[in-house]
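These are my notebook entries on one structure, set down in the order in which I looked things up.

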Amino acid sequence: MYFNGAIKFNNVLSSSFGLTVTEPPRIEHSAFQEEGELIPGKDGHLFSTDKHKGSAAINVKMALHKPSNASGYTSAAYQTARRSIWSWLQGTGNLVIGDVSDSHYEVQRVEITSDERELVNYGTIEVKFTVYPYEFLDTPTKQNVTISASGSSTFTLSTDDCEPLYEVTTGSGGGTVTINEYTVNVAASQSFNVDVRRRISYSGNTDKSNKISIDYEKAGLKKGSNTISTNSGMTFKIVSSRDGYKI
């Protein structure tokens, strides 16, 4: 398996610290939050239909073999590089796996699970990135796509189900948009964003949830065929489909 030996976290390459990723990162796929229940007298488990999943994890093993910006392999230079790595591996942000050029993961937490200095100027570091359970495409399949009043659009999504960011604009009589047979109603004279993933509707810093009638779980796009249509009072825009693949 080809691997170029690098990761990028918050736009900083691991190689900039003298780190080499020693093997392809290992992904712990997310699990459904309800595992199922064993029923006495019945074979197998009874599983919930709940589709919600927990976070996933990406485990990365790296070797520090040449301190960044160091003229020699001194103990002090190694420790200086190590401290810089500790500072880098904190917080949240985007993670890119070096040999995958078209996607990223959203990191929720970083944990250094092992940090061993094996020689004066050589050591290994293992890191666990807890991530949102989705591999996001850098370039969404659908973005800045507008469906005008009384318009309709049908398209096929080859990636997995996704939770987009929309923009709605209505006239004086309000409007409706139908997404795969689910209809959303918006009050009159409105223009705001609808964030399906975050379950909020807003304009700037203003909450607009009282201006829309929506079940966010039904308002996403699905793998396969999708149809979106509007009535005469609504203009609807897919700002970003935010699609990719579940992990």
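Entry 1: I looked up Arg82 and found it buried, at a relative accessible area of 12%, where buried means under 20% relative accessible area, exposed over 50% and partly exposed in between, with a 1.4 Å probe and protein chains only. The model is a predicted one, in which local features need pLDDT of at least 70 and side-chain atom pairs count only at pLDDT 80 or more, whereas totals for chains, interfaces and linings use all residues. Residues are numbered from 1 along each chain as its sequence is written, and side-chain values use heavy atoms, with hydrogens and water left out.

Arg82 and Asp115 meet through their side chains in a salt bridge, at 3.3 Å from N to O; the term asks for a side-chain nitrogen of Lys or Arg within 4 Å of a carboxyl oxygen of Asp or Glu. The two residues are 33 apart and link distant parts of the chain, since Arg82 belongs to helix H1 (residues 75–88) and Asp115 to strand E9 (residues 103–119). Helices (H or I, at least four residues) and strands (E, at least two) are DSSP runs numbered from the N terminus. Asp115 is partly exposed, with a relative accessible area of 26%.

**Entry 2: the other salt bridges.** How many salt bridges does this rule give? I noted a count of six. Asp195, Arg198 and Arg242 are linked in a network of them. Within it, Asp195 reaches Arg198 with the closest N and O atoms 3.6 Å apart, and the corresponding value for Asp195 and Arg242 is 2.7 Å. Asp195 is buried at 1% relative accessibility, whereas Arg198 is exposed at 52%.

**Entry 3: strand E17 and its sheet.** I then asked how E17 itself is placed, and found it largely enclosed by the rest of the structure, because four of its five residues are buried. Strand E14 (residues 165–170) runs antiparallel to E17 and is joined to it by five bridges; strands count as paired if DSSP finds at least two bridges between them. Strand E18 (residues 200–203) also pairs with E17 in the antiparallel sense, over three bridges. Asn193 of E17 is the bridge partner of Glu167, and Asn193 also stands opposite Tyr202 in E18. E17 and E18 form a hairpin with four residues between them, and Arg199 in the turn has a positive phi of about 60°.

The open sheet has six strands in the order E12-E22-E14-E17-E18-E19, with antiparallel pairing. Strand E12 (145–147) and strand E19 (206–207) each have a single partner strand and stand at the edges, so one side of each is left without a neighbour in the sheet. E12 pairs with E22 over three bridges, and there Thr146 stands opposite Lys237.

**Entry 4: rings.** A search of the whole structure gave me six aromatic pairs, in which the rings of Phe, Tyr and Trp (its six-membered ring) have centres within 6.5 Å, planes under 30 degrees apart being stacked, over 60 edge-to-face and the rest tilted. Tyr132 and Phe136 count as stacked, because their ring centres are 5.9 Å apart and their planes stand at 25°. Phe136 is buried, at 6% relative accessibility. Phe9, Phe17, Trp88 and Phe129 form one aromatic cluster.

I also looked for charges over rings, meaning NZ of Lys or CZ of Arg within 6 Å of the ring centre and within 35 degrees of the ring normal. Arg197 lies over the face of Tyr132 at 3.9 Å from the ring centre, and Arg198 over that of Tyr202 at 6.0 Å.

Entry 5: The whole-structure search finds one cavity of 30 Å³ or more, a cavity being a set of points on a 1 Å grid over the protein atoms alone where a 1.4 Å probe fits but cannot get out, with lining residues having an atom within 4 Å of a point. The largest cavity holds about 40 Å³ of space, and its lining includes Tyr166, Val168, Val194 and Phe236. E14 and strand E15 (175–179) are the elements that give two or more residues to this lining.

Notes. On a 1 Å grid over the protein atoms alone, a cavity is a set of points where a 1.4 Å probe fits but cannot get out, and a pocket is an open set with protein on both sides within 12 Å along at least five of seven lines; lining residues have an atom within 4 Å of a point. Grid points are joined across faces, edges and corners, and a volume is the space filled by probe spheres set on the points.
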